[in-house]
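Consider the structure below with attention to its charged side chains and its sheet.

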Amino acid sequence: MQLGLKGKKVAILATDGVEQVELVEPRKALDAAGAETHLISPKAGEIQAVNHDEKGDRLHVDRTLDQARASEYSALVLPGGVASPDQLRTNPKAVQFVREFLLSDKPVAAICHGPWLLVEADGLAGRTITSWPSLRTDIRNAGGTWVDEPVHVDDNLITSRKPADIPYFNKRIVQEFSNRIDEAEVDELSEQSFPASDPAPGPTSIGGEGGSKTTYGQPDGEAPGRA
């Protein structure tokens, strides 16, 4: 089993008006870690990125929402820019795509205005996230708690506020995506090895005769910013 991000597929959901740096820089970090990233958009061809109020590059779309399946991906990134998430949150297919990641407990990272899609997908009740400050009322109305932090991790949600936070955001998405994908694959392998109908492994099967204690590795401590 291959652990880490190498060869794992990560979806990046965006459309026209996406803030270029919030898409391109996280994608570079994920690609460098070995992930296979796909830009997903409602339309085929290219989307128009922006650098604040100015036109940026045109970015190639790898798959349309009609072609993509959330089940094919291990994690999701939601870049910001005002126009892109604002359009996507009114697109039922885009909202459902995000919702499927949340329902599957897959890691989702969102920056700036990207969390608008988490609001629309009903994914923030009882959760704590950060975002561009103008979203805090929407987040609170959706049942979430807003914090003013460069990056915040709440279980499978990784969020940041703005382009200046990208170095922190990139570091945490690589770390959290890798850890959570590994955990999910180990759990899946365990379920395949010991189905629920099978009896729990006894001393002979783990640790040999008399081996009555099994110790599972735990992290040394919670990372900063984790809820």
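This is a predicted model: local features need pLDDT of at least 70, side-chain atom pairs count only at pLDDT 80 or more; totals for chains, interfaces and linings use all residues.

The side chain of Asp155 forms a salt bridge with Arg180, and the closest N and O atoms of the two are 3.3 Å apart. This pair links distant parts of the chain: Asp155 sits in the loop between β10 and β11, whereas Arg180 belongs to helix α6, 25 residues apart. Arg180 has a relative accessibility of 15% and therefore counts as buried.

Glu176 and Arg172 both lie in α6, four residues apart, which is about one turn of the helix. Their closest N and O atoms are 3.1 Å apart, and the two residues form a salt bridge. Both Glu176 and Arg172 are buried. Together with Asp155 and Arg180, these two residues are linked in a network of salt bridges.

Another pair joins Arg161 to Asp148, here with the closest N and O atoms 2.8 Å apart. Again distant parts of the chain are linked: Arg161 is in the loop between β11 (157–160) and α6 (166–193), while Asp148 is in the loop between β9 (145–146) and β10, and 13 residues separate them. Arg161 counts as buried because its relative accessibility is 14%, under the limit of 20%. Asp148 is exposed, since its relative accessible area of 52% is over 50%. In total, the model has 14 salt bridges.

Next comes the sheet. Seven strands form an open sheet with mixed pairing, and their order is β5-β2-β1-β6-β7-β11-β10. The edges are taken by β5 (63–64) and β10 (151–154); each has a single partner strand, so one side of each is left without a neighbour in the sheet. Strands of a sheet pair through backbone hydrogen bonds, either parallel or antiparallel.

Which strands does helix α1 lie across? Helix α1, residues 20–32, lies across β1 (9–13), β2, β6 (75–78) and β7 (108–111). Relative to β2, the helix runs at about 155 degrees.

Conventions. Residues are numbered from 1 along each chain as its sequence is written. Side-chain values use heavy atoms; hydrogens and water are left out. Two strands pair if DSSP finds at least two bridges between them. Helices (H or I, at least four residues) and strands (E, at least two) are DSSP runs, numbered from the N terminus. Contact means heavy atoms within 4.5 Å. Axes are lines fitted to C-alpha atoms, for helices over the stretch in contact, and angles run from 0 to 180 degrees between N-to-C directions. A salt bridge is a side-chain nitrogen of Lys or Arg within 4 Å of a carboxyl oxygen of Asp or Glu. Buried means under 20% relative accessible area, exposed over 50%, partly exposed in between (1.4 Å probe, protein chains only).
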